Amino acid sequence: MSTAKQNTQPRFQAVRDFGRALLFLGKVISRMRFTRLQFGETLRQIYFAGVRSLVIIVTCGFFVGLVLTLQSYDALARFGAADATSTLLALSLFRELGPVLTAILFAGRAGTSITAEIGLMRATEQLDALDLMAIDPLERIVQPRLIAGMIAVPALVLIFNATALLGGLVYAVFLMGTDTMVFWGNIQNTVELGRDFGHGMLKSVGFGIVASWLAVYYGWTAKPTGEGVALATTQTVIATAIVVLFLDFVLSALML
Amino acid sequence: MKSSHQIELTAGIFLLLAIAALIFLAVQATDRGVVTGGSYEVTAEFSNVGTLRPRAKVNIGGVTIGTVDRIELDPVTFEARVTMRIADRYDELPDDTSASIVTAGILGDQYVSLEPGGSPDMLSDGDRILFTNSALVLEQLISRYLFNTEGGDN
């Protein structure tokens, strides 16, 4: 089915897809309504997208912090600068690793389930049923998931960063015997609230928008077949990873 | 499947957890800001600031009392004018204080080190430190040593 379509319209398919995604986002935003019901539904979606992602985020964050500290401690100790380990850890976490890894993990854990859910609703004609009942599925189904993702990603980034620092602390302090005060003191001396931490959080907000936008978009436009939903789910992960990495480069270049 | 009440509660706890992480990271893992309260500016002119940059530290005896705010070139004298922001609680610096640009270690960052003098008059906002020592530029030192000349501008 998709090949037949591509044969008839082979040109600029990627650009058209991008335009469609943008129009879709505009349509969702223009139809947004904030009611008591919406608030509860958004909170429920934060549970599904955020709380259910906690295990993978915390595990990944802890081990990223641990391994990053392990490697940088070894490398920096060769120059007699082992004390700078915590600085390196905090800077690379806040500025790059925290937002990027969280966004990609989020796409894998929560983005896919959002896409599959909306795609299956499309395939089983639940969205059409909502339409028939004069309930706007964009407002009822898409909007809470979009907003929940935009809130959950920065929250997960914060938790990721905190656990990764903890992982670094475990290695540097408990295994290598760095002084706790040296560990925190070096971070406090070099990491700036606005320039390092704040810019990283700005990035995470951008990644949150991208990750949840792509997830709902691919779910909404999924072909109403088993194969179509499977394809859409895969595309969510691939597209989010590529866009996040590209956007990361652009935002880093803008902010530095 | 949990009840919707429980789900909302868990989502609320999740957001509180994120806020706790935000406060923890913002307070524990970023600089406290040397100059948090009030501050005042003093300037000093150097013939060479080396690699001194804005936000470099200003020390007295190794204790940080402020930061370098900006570095500009005086268009008339062609000297580098370094504006420093010093915390208000160190407002009793004598006006014959001298400033030098030194390096932390061999490869470390450059910072401004102040040496208080003995004058009874104090520096106030906008004042200029008259006695300065420029940054040591390693290349100039080496060339002076190699060619045994009196070269260099300081």
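# Notebook: a two-chain predicted model

**Entry 1, the sheet of chain B.** I began with the strands of chain B and found an open sheet of eight strands with mixed pairing, in the order S7-S1-S4-S3-S2-S6-S5-S8. The edge strands are S7 and S8 (131–133) of chain B, each of which pairs on one side only.

I took strand S1 (residues 39–46) of chain B next, and it is joined to strand S4 (residues 80–87) of chain B by eight bridges, the two strands running antiparallel. Within this pair, I found Tyr40(B) opposite Ile86(B) of S4(B). I then looked at the link between S1(B) and strand S7 (residues 127–129) of chain B, where three bridges join strands that run parallel. Here Val42(B) has Asp127(B) in S7(B) as its bridge partner. Further along the order, strand S2 (residues 57–60) and strand S3 (residues 63–73) of chain B pair over four bridges in the antiparallel sense, and in this pairing Ile60(B) stands opposite Val63(B) of S3(B).

I picked Thr103(B), whose place is in strand S5 (residues 98–103) of chain B. Is Thr103(B) buried or exposed, or does it fall in between? I found 16 other C-beta atoms within 10 Å of Thr103(B), and a residue needs 20 or more to count as buried and 12 or fewer to count as exposed, so Thr103(B) is partly exposed. Leaving aside neighbours within four places in sequence, I list Gly108(B) and Gln110(B) as the contacts of Thr103(B). I also checked Leu52(B), which is 51 residues from Thr103(B) along the chain, and the C-alpha atoms of the two are separated by 9.2 Å.

I counted two helices and eight strands in chain B, and read along the sequence they follow the pattern α-β-β-β-β-β-β-β-β-α. The domain assignment gives domain 1 (1–30) and domain 2 (39–145) of chain B, and I noted that the C-alpha centres of these two domains lie 45 Å apart. Of the 154 residues in chain B, buried residues make up 21%. Among the contacts of chain B between residues at least 6 apart in sequence, 65% join residues at least 24 apart. At the end of the pattern, I looked at helix H2 (residues 138–147) of chain B, which lies largely in the open because the number of buried residues among its ten is zero. Just after H2(B), Asn148(B) takes a positive phi of about 55°.

I noted that the C-alpha atoms of chain A fill a box of roughly 65 × 45 × 30 Å, taken along the principal axes. Of the 256 residues of chain A, 44% count as buried. For contacts in chain A between residues at least 6 apart in sequence, I recorded that 87% join residues at least 24 apart.

Which residues touch the most other members of the largest nonpolar core? In this core of 70 residues, they are Ile46(A), Val153(A), Leu156(A), Ile159(A), Ala211(A) and Val216(A). I then asked which helices supply at least two residues each, and found H3 (36–49), H4 (54–77), H5 (85–123), H7 (137–175), H9 (193–220) and H10 (226–255) of chain A, together with helix H1 (4–28) of chain B. The largest share of this core, 19 residues, comes from H7(A). I followed Ala211(A) and, not counting residues up to four places away in sequence, found that it touches Ala103(A), Phe106(A), Ala107(A), Gly111(A), Gly149(A), Val153(A), Thr240(A) and Val244(A). A second, separate core has 21 residues, including Val42(B), Ala44(B), Met84(B) and Leu93(B).

Last, I looked up the interface, and 19 residues of chain B are in contact with 23 residues of chain A.

Definitions and conventions. Residues are numbered from 1 along each chain as its sequence is written. Chains are lettered from A and ligands numbered from 1 in the order in which they are written. This is a predicted model: local features need pLDDT of at least 70, side-chain atom pairs count only at pLDDT 80 or more; totals for chains, interfaces and linings use all residues. Two residues are in contact if their C-beta atoms, placed from the backbone, lie within 7 Å. A nonpolar core is a set of buried Ala, Val, Leu, Ile, Met, Phe, Trp, Tyr and Cys residues joined through C-beta atoms within 7 Å. Domain bounds come from an automatic or database domain assignment. Two strands pair if DSSP finds at least two bridges between them.
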